[in-house]
Amino acid sequence: TGNGIPLMEHYRCQPSIIEYCNNIARYRLEVKTKLRASPLKTNLIAHHVEGNIEGKVNKQEVIAIRELIPRLLNQGYSLEDIGVISPFKVHADALREDLCSRRNFPEFHKDDIGTIHTFQGSQKRVIILSTKVCRPQDNFNFINRKLNLLNVAVSRAEELFILVGNLYRLEKAGGYTERLVKHI
């Protein structure tokens with residue numbers, strides 16, 4: 001009939017994470033998540049990577065994420081706790097191929113690396129968002145056009161959200177990416 005029941009209580013993300021989603025979507029959620037300290041003493045991290053696009057993939061971001069994962073493992077997270085997402089399928093596929101390779105993390109489950117759309121309805125203790133875009137000519141509109149992409153990406157993280165990308169370009173693009181960089 002078109003009459004939905006709004007769910008106003010939120011139990012998944014730490015308050016500092018869901019605050020971004022609450023602000024961009026104007027949910028007015030009542031956050032009921034029990035506070036849980038991250039081993040890193042923060043719930044939000046922005047990791048700057050200048051970036052370089054080769055074949056629709058930002059290889060520098062792939063390398064940066066490959067280097068971040070052992071640091072997370074050393075802080076007590078497991079591979080099962082970590083999800084890696086990108087708005088772009090080709091980039092997500094490159095991340096999956098690299099991270100799940102025999103030389104890197106063969107025990108990393110392939111389903112834990114994908115696009116934002118494939119993660120809808122899922123959650124992980126840690127979400128790493130690889131934006132891919134890094135040049136002025138890159139398509140920031142795809143990410144900034146609809147709030148649902150960043151809303152879903154950020155709200156998949158229960159305890160720790162890590163934004164990996166060219167923070168200068170993300171902020172300069174305005175819109176939801178600028179707000180995310182400033183929020184972190």
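A residue is termed buried when its relative accessible area is under 20%, and exposed when that value is over 50%. The structure considered here is a predicted model. By this criterion Cys 13 is buried, because its relative accessibility is 0%. Cys 100 is likewise assigned to the buried class, since its relative accessibility of 9% falls under the cut-off.

A disulfide is a covalent bond between the sulfur atoms of two cysteines. The structure contains zero disulfides. Cys 13 takes part in none, and the nearest cysteine sulfur, belonging to Cys 21, lies 6.4 Å away. The pair is therefore not counted as a disulfide, for which the two sulfur atoms must be within 2.5 Å.

Within α2, the residues Glu 61, Val 62, Ala 64, Ile 65, Leu 68, Ile 69 and Leu 72 are buried. These residues lie on the same side of α2, because they cover an arc of only 155° around the axis. In an α-helix there are 3.6 residues a turn, so residues three or four places apart point the same way. The buried residues of α2 pack against several elements, namely the strands β3 (44–48), β5 (57–58), β6 (82–86), β8 and β9 (157–165), together with helix α3. On the other side of α2, by contrast, Arg 71 and Asn 74 are exposed. The helix is followed by Gly 76, which has a positive phi near 105°.

Two loop residues were also examined. Ser 101 is located in the loop that connects α3 (89–99) to β7 (113–115). With a relative accessible area of 13%, Ser 101 is buried. Its side chain reaches the backbone oxygen of Asp 98 at a distance of 3.0 Å.

Phe 119 occupies the loop between β7 and β8 (124–130). This residue counts as buried because its relative accessibility is 3%. When neighbours within four places in sequence are set aside, Phe 119 is in contact with Gly 83, Val 84, Ile 85, Asp 111, Asp 112, Ile 113, Gly 114, Lys 124, Ile 127 and Arg 156.

Note on methods
Residues numbered from 1 in each chain as written. Predicted model: local features only at pLDDT ≥ 70, side-chain atom pairs only at ≥ 80, totals over all residues. Heavy atoms only, no water. Helix = DSSP H or I, 4+ residues; strand = E, 2+ residues; numbered from the N terminus. Buried < 20%, exposed > 50% of the residue type's maximum accessible area, 1.4 Å probe, protein only. Polar contact = N/O pair within 3.5 Å; in protein donor to acceptor, adjacent residues only side chain to side chain. Contact = heavy atoms within 4.5 Å. Arc of directions from axis to C-beta.
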